[in-house]
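Subject: Structure handover

Hello,

Here is the structure we talked about. Please open it beside this message; the notes follow below.

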Amino acid sequence: MTTRAEPRGPGNTSEPGSWTVKVRDGIVGLVPEGQALPDRQPVYVHSWIYVFGVATLAALAVVIVTGGILAIGGVAWWHVSSLGLFVNSLHLWSVELFFGFMVIHLWGKFWMAAWRGKLGLTWATCVICFLASLATAFTGYTITTNFNAQWIAFEAKDVMNAVALGSWINVTNLGQMVLIHVCMLPLAIVAVVAMHVLLVRKHGVVPPIDAIDPEADLTVASAPSHSSDSGSADASSTGATSGAVSS
Ligand code: HEM
């Protein structure tokens with residue numbers, strides 16, 4: 001006689017060795033319930049400074065799509081055809097926007113001391129993303145295959161030798177630079193950005209310095225999640241994290 005298997009949910013680890021239960025519990029527990037795609041945010045998120053994080057994400061998406069098209073099209077295509085030149089320009093200008101937004105985002109969060117509470121790792125992943133992006137932009141300039149690229153690569157070669165990295169990283173080796181620029185660094189950036197966004201969803205956005213008690217626990221779980229009609233209220237006048245607005 002066969003018996004029907006009992007449905008299992010998070011926390012129901014009746015089979016302790018089951019890796020599927022562990023993976024499922026891990027995924028479900030990544031962010032608090034309702035925080036994966038929230039439709040309500042604290043009132044202070046109305047400020048413009050909170051826009052630059054998502055603007056950075058949008059620019060990164062354009063950078064990756066245009067970079068992927070360039071990589072498929074190849075050198076002759078992006079140098080000669082008008083469509084190739086256009087996509088090349090889109091890649092360059094989306095990179096400029098990406099850096100512009102990211103720098104404003106970083107400085108904005110720096111002046112808000114965004115590492116307060118439990119947000120230290122969120123801040124660290126943002127800084128790592130910035131440093132990895134610098135390396136990606138540098139390798140991008142060395143693979144444009146023009147005189148500028150040669151100049152930059154040969155200047156940088158001396159720098160690499162001076163800091164003892166020349167044996168591993170040969171900036172004049174086009175194949176190595178293409179692999180690092182098109183594959184390795186973008187994968188690392190996407191992984192760090194994914195971790196950054198998950199941490200933001202898990203712990204919530206950082207409140208302005210004067211909006212809360214500095215000793216308060218800043219995690220989403222501790223913030224009131226009720227809705228309020230006071231969408232225009234400003235955080236400093238309302239006090240702490242009181243109220244939430246539809247995003
Ligand atoms: C954060 C991510 C990235 C940054 C900061 C970045 C930055 C750059 C920069 C500054 C250039 C030189 C542009 C020029 O002077 O015209 C470049 C070129 C290039 N990038 Fe990227 N890139 C990124 C991601 C990617 C990805 C994901 C791919 C492919 C999958 C890619 C493929 C290329 C190719 C093929 C070139 C050479 C074409 C050219 O001359 O512009 N990039 N990149």
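A definition to begin with: the expected span of a helix is 1.5 Å times one less than its number of residues. Take helix α6, residues 147-162, as the case in hand. With 16 residues, α6 reaches 23 Å from its first C-alpha to its last, close to the 22 Å expected.

The average pLDDT of the protein is 84, and 80% of the residues score at least 70. The stretch to treat with care is 221-247, where the pLDDT is below 50. That stretch still has 51 contacts in the model beyond near neighbours in sequence. Where pLDDT is low, the predicted coordinates should not be read in detail.

Overall fold

The protein has eight helices and two strands. Along the sequence they follow the pattern α-β-α-α-α-α-α-α-α-β. The protein has 247 residues, and 23% of them count as buried. Take the contacts between residues at least 6 apart in sequence: 69% of these join residues at least 24 apart.

Ligand shell

There are 22 residues around the ligand. Which of them come nearest? They are Gly 67, Leu 70, Gly 140, Thr 144 and Pro 186. Four helices each supply at least two residues of the shell: α2 (52-73), α4 (82-111), α5 (120-142) and α7 (174-203). α2 gives the most, with six residues. By class, the shell has 13 nonpolar and nine polar residues, and no charged ones.

Nonpolar cores

The largest nonpolar core has ten residues. They are Cys 126, Cys 129, Ile 143, Ala 153, Val 171, Met 177, Ile 180, Leu 185, Ile 189 and Val 192. α5 and α7 each supply at least two residues of this core. α7 gives the most to this core, with five residues. Another core lies apart from it and has seven residues, among them Ala 59, Val 95, Phe 98 and Met 102.

Look at Cys 129 in the largest core. Cys 129 lies in helix α5. Why does Cys 129 count as buried? Because 22 other C-beta atoms lie within 10 Å, and the cut-off is 20 or more. Leaving aside neighbours within four places in sequence, Cys 129 is in contact with Ile 189, Val 192, Val 193 and His 196. Cys 129 and Val 192 are 63 residues apart in sequence, yet 6.3 Å apart in space, C-alpha to C-alpha. An α-helix has 3.6 residues a turn, so residues three or four places apart point the same way.

Positive phi in the loops

Two loop residues are worth a look. Ala 113 lies in the loop between α4 and α5. Its phi is near 50°, a positive value in a residue other than glycine. Ala 113 counts as partly exposed, with 13 C-beta neighbours inside 10 Å. Thr 145 lies in the loop between α5 and α6. Phi of Thr 145 is near 50°, again a positive value in a residue other than glycine. Thr 145 is partly exposed, with 14 other C-beta atoms within 10 Å.

Best wishes

How values were computed. Residues are numbered from 1 along each chain as its sequence is written. This is a predicted model: local features need pLDDT of at least 70, side-chain atom pairs count only at pLDDT 80 or more; totals for chains, interfaces and linings use all residues. A residue is near a molecule or strand if its C-beta atom, placed from the backbone, lies within 6 Å of it. Ala, Val, Leu, Ile, Met, Phe, Trp, Tyr, Cys and Pro count as nonpolar, Asp, Glu, Lys and Arg as charged, and the others, Gly among them, as polar. A residue is buried if 20 or more other C-beta atoms lie within 10 Å of its own, exposed if 12 or fewer, and partly exposed in between; C-beta atoms are placed from the backbone. Two residues are in contact if their C-beta atoms, placed from the backbone, lie within 7 Å. A nonpolar core is a set of buried Ala, Val, Leu, Ile, Met, Phe, Trp, Tyr and Cys residues joined through C-beta atoms within 7 Å. pLDDT is the predictor's confidence in each residue, from 0 to 100.
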